[in-house]
Amino acid sequence: MQERCILKDGVKYIEKNGVSHIINDDGRIVNHRPWLGDILSFAYDPIMEKCVFPGKFGGEATRHFEILRNELKGVHGRNVLELAAGSGSAVNFLPDDNRYAGIDISPGLLRRAVGRFRRAGFENAVFYVARAEDLPFRDGVFDVVLCILSLNFFEDIPAVLAEIRRVAAAHAIVACSVPVPERNGRKRTIRGVLHSERELETLFEDAGFHFDPIHANNGSLLYFKATKKDAPDETQ
């Protein structure tokens with residue numbers, strides 16, 4: 001998966017420390033306003049594993065990675081896109097023979113992801129500072145799209161789903177995990193806007209996807225897959 005093959009026509013970028021920054025028509029880098037990820041990028045992983053998972057989600061990071069690893073164990077040699085890739089936690093569950101593209105609005109987190117993917121043995125991984133609502137990629141180029149612990153942070157979910165559908169191949173699998181209110185039994189405060197499983201199903205169905213929950217328990221987290229409604233039955 002070479003960059004010139006997956007990017008939309010006319011997209012220009014400059015690479016810094018392994019992270020590609022999109023350039024606008026004036027030749028300036030397109031910047032976004034990340035949340036605390038850039039400031040705390042050095043501590044992001046321990047915060048997630050030691051504080052967010054047990055304290056906010058009421059679950060376990062090891063269980064989280066186990067569930068995703070089990071669902072994605074048969075994914076090999078595919079073009080994989082991850083939205084809100086963060087610091088590169090996908091190395092914990094995605095086989096390293098896949099061709100990976102990760103986007104996030106935090107350059108600091110993506111710089112950490114670059115190092116993690118290299119150490120994990122991924123030979124084909126690229127990273128872009130970009131928004132999920134405006135992906136810089138061509139139509140139909142990804143076999144798998146990951147949206148892990150990020151759907152509750154997107155302001156315009158229908159726009160994100162429209163972009164996922166655009167860049168996903170006909171046979172693509174969309175794998176997601178997200179906290180949902182009905183599993184938040186202790187009413188912990190979780191950042192972002194939480195949607196119920198039923199609401200998420202409606203959002204995905206309205207966007208042209210089949211919604212398929214994964215039967216796994218891990219605190220407040222819901223795991224599910226989605227496929228295009230016009231996709232062939234064979235998804236593997």
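Q: Which residues of helix α4 are buried?
A: In this predicted model, local features need pLDDT of at least 70 and side-chain atom pairs count only at pLDDT 80 or more, whereas totals for chains, interfaces and linings use all residues. Residues are numbered from 1 along each chain as its sequence is written, and side-chain values use heavy atoms, with hydrogens and water left out. Buried denotes under 20% relative accessible area, exposed over 50% and partly exposed in between, with a 1.4 Å probe and protein chains only. The buried residues of α4 are Pro-107, Gly-108, Leu-109, Leu-110, Ala-113, Val-114, Gly-115, Arg-116 and Phe-117.

Q: Against which elements do the buried residues of α4 pack?
A: Helices (H or I, at least four residues) and strands (E, at least two) are DSSP runs numbered from the N terminus. Contact is taken as heavy atoms within 4.5 Å. The packing partners of the buried α4 residues are β2 (19-23), α2 (44-57), β4 and β5.

Q: How far apart are the end C-alpha atoms of α4?
A: The expected span of a helix is 1.5 Å times one less than its number of residues. For the 13 residues of α4 this rule gives 18 Å, and the model agrees, with its end C-alpha atoms separated by 19 Å.
After the helix comes Gly-121, with a positive phi near 95 degrees.

Q: What is the handedness of the unit made by β4, α4 and β5?
A: A crossover is right-handed if, with the strands pointing away from the viewer, the path from the first strand over the helix to the second runs clockwise. Strands β4 and β5 (residues 125-129) run parallel and are joined by 5 bridges, where two strands pair if DSSP finds at least two bridges between them. With α4 (residues 107-119), they make a β-α-β unit that is right-handed.

Q: Which residue in β4 stands opposite Asn-79?
A: Strand β4 (residues 99-104) has 5 of its 6 residues buried. It pairs with β3 (residues 79-83) in the parallel sense over 4 bridges. Tyr-100 has Ala-125 in β5 as its bridge partner, while the residue opposite Asn-79 is Arg-99.

Q: Is Arg-116 buried or exposed?
A: Arg-116 is found in helix α4. Leaving aside neighbours within four places in sequence, Arg-116 is in contact with Asp-45, Ser-87, Gly-88, Ser-89, Val-91 and Asn-92. Its relative accessibility is 16%, so Arg-116 counts as buried.

Q: Which backbone oxygen lies 2.7 Å from a polar atom of the side chain of Lys-228?
A: Lys-228 lies in strand β9 (residues 221-228) and is buried, with a relative accessible area of 12%. Its side chain reaches the backbone oxygen of Arg-165 at 3.0 Å. The backbone oxygen at 2.7 Å belongs to Ala-168.

Q: How far apart in space are Arg-63 and Asn-217, C-alpha to C-alpha?
A: Arg-63 lies in helix α3 (residues 61-72) and is partly exposed, with a relative accessible area of 28%. Not counting residues up to four places away in sequence, Arg-63 touches Ala-216, Asn-217 and Asn-218. Arg-63 and Asn-217 are 154 residues apart in sequence, and their C-alpha separation is 8.8 Å.

Notes:
A polar contact is a pair of N or O atoms within 3.5 Å; within protein, one must be able to donate a hydrogen and the other to accept it, and residues adjacent in sequence count only if both atoms are side-chain atoms.
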